[in-house]
Amino acid sequence: MDIPKDHLVDMYETMVKIRRFEERIRELYFADKLPAFDIAAGLIPGEMHLAAGQEPVAVGMRPHLKAGDAITATHRPHHVAIAQGVDLNKMAAEIFGRETGLGRGKGGHMHLFSVEPNFGCSGIIGEGMPVAVGAAMAFRHKGTDNVALSYFGEGAANQGAFHESLNLASLWKLPVVFICEDNAYAISVPKAASTAIPDNSDRASAYGIPGVLVGENDPVAVYEVMGEAIARARRGDGPSLVEIKTDRLWGHFEGDADAYRSEEFKTEMNERDPIIVYGNRLLAEGVLNEADMASIQQAMHDDVEAAIEFAMASPYPAPESALEDVFAGRSVQL
Ligand SMILES: Cc1ncc(C[n+]2csc(CCOP(=O)(O)OP(=O)(O)O)c2C)c(N)n1
Ligand SMILES: [Mg+2]
């Protein structure tokens, strides 16, 4: 692998951190919702969309980022936020609805916003694409070489916002990289039932921009393709569309019976778990040994535990602050 060792190790560490975070959120999410699943109950009320299995799409861009770059992600945002380096303590606190969270506990897991690094996401499908185009326009006007990355699912690629964003970004040659996370399902709808062509990357030619397909859920393949797409945007040559085939290991949301995917499909998917595959490759190529891996696991687990402890020890927002920091705050009369 013709990639600096520190990048290879950094991607592995970040994948482990993301997976551990998702596992712990899953445990704590369910802890007080069972045995009768009550979505409104417990420490983390509401829906929860976790990204276990999709780590490669997030970590592959990480070594190519520079300070000031902007990222928009989706309703399934944790892997991308962690890979960009969003403060893990504040992110966990937001998920638990605490005052110390990124949005002072008012946004929850689908609405994580950070100024430094510049990260945003939304529960509205397709929302992040035009926002990333706006960020890229701002970079152009400011004369920086920053880039905007927009993550979205293959389901979202059928939204009008996809067309509008790619068209405008191409027309104005804006520094954006559009990244389609193709996990083959939009909730329970398989891609073939919603999308006229097999690969969204082919749609790029309709906008006169490069479209690249990453066919494996592999951080090294993502690293290579994202390196080129980000460099192209940074030097002023305009946007690209990258589609990455990936796997959502768990249900669409926590509590999803996931009955629309066969047991055979799920078994095969688990057998190609990208952390195991990539870890074995790093061992085989002598990049890491077993002891290195154990200490990485420990360090990443400790980081996640510290973030969860910070969140759990933080206060809830005061009831009287409910109308602060929201658009309706000034006009609503109670
Ligand atoms: C505008 C809008 N329409 C519908 C929904 C309901 N919804 C939530 S997730 C989802 C599917 C998204 O699928 P995809 O883009 O492939 O992302 P994935 O969940 O696979 O990561 C839908 C339709 C929504 N949140 N926003
Ligand atoms: Mg999908």
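Predicted model: local features only at pLDDT ≥ 70, side-chain atom pairs only at ≥ 80, totals over all residues.
First, some ground rules: local features need pLDDT of at least 70 and side-chain atom pairs count only at pLDDT 80 or more, while totals for chains, interfaces and linings use all residues. Residues are numbered from 1 along each chain as its sequence is written, chains are lettered from A and ligands numbered from 1 in the order in which they are written, and side-chain values use heavy atoms, with hydrogens and water left out.

Let us start at the magnesium ion, ligand 2. Its protein donors are Glu-154 through OE, Asn-183 through OD1 and Tyr-185 through O, at 2.1 to 2.2 Å from the ion. A donor here is an N, O or S atom within 2.8 Å of the metal (3.2 Å for Na, K and Ca), and since water is not among the atoms, sites may look incomplete. Along the sequence, the donor residues follow the spacing E-x28-N-x1-Y. Glu-154 sits in the loop between strand S3 (148-153) and helix H6 (160-171), and Tyr-185 belongs to strand S5 (residues 185-186), so this pair ties together parts that are 31 residues apart in sequence. Helices (H or I, at least four residues) and strands (E, at least two) are DSSP runs, numbered from the N terminus. Both Glu-154 and Tyr-185 are buried. Buried means under 20% relative accessible area, exposed means over 50%, and partly exposed lies in between, with a 1.4 Å probe and protein chains only.

Now turn to ligand 1. Of the 15 residues around ligand 1, those that come nearest are His-75, Arg-76, Gly-123, Asn-183 and Tyr-185; a residue counts as near if one of its heavy atoms lies within 4 Å. Asn-183 and Tyr-185 are also among the donors of the magnesium ion. Which polar atoms of the protein lie close enough to ligand 1 to be listed with a distance? A polar backbone atom of Gly-123 is 2.8 Å from a nitrogen atom of ligand 1, and a backbone N or O atom of Ile-125 lies 3.1 Å from a nitrogen atom of the ligand. From His-252, a polar side-chain atom lies 3.4 Å from an oxygen atom of ligand 1. Most residues other than glycine have a negative phi, and most peptide bonds are trans. The peptide bond from Glu-116 to Pro-117, however, is cis, with omega near 0°. Pro-117 lies in the loop between helix H4 (88-95) and strand S2 (118-120), and at 14% relative accessibility Pro-117 counts as buried. Lys-173 has a positive phi of about 50° although it is not a glycine; this residue is found in the loop between H6 and strand S4 (176-182). With a relative accessible area of 45%, Lys-173 is partly exposed. Asp-258, in the loop between strand S8 (240-245) and helix H8 (263-271), likewise has a positive phi, near 55°, but Asp-258 is buried, with a relative accessible area of 7%.

Pro-117 and Gln-84 are 33 residues apart along the chain, and their C-alpha atoms are separated by 7.0 Å. Gln-84 lies in helix H3 (residues 78-84) and is buried at 10% relative accessible area. A polar atom of the Gln-84 side chain is 3.3 Å from the backbone oxygen of Asp-69. Ala-322 lies in the segment after H10 and is partly exposed, at 47%; its C-alpha atom is 24 Å from that of Ile-308, 14 residues away along the chain.

Definitions and conventions: Polar contact = N/O pair within 3.5 Å; in protein donor to acceptor, adjacent residues only side chain to side chain.
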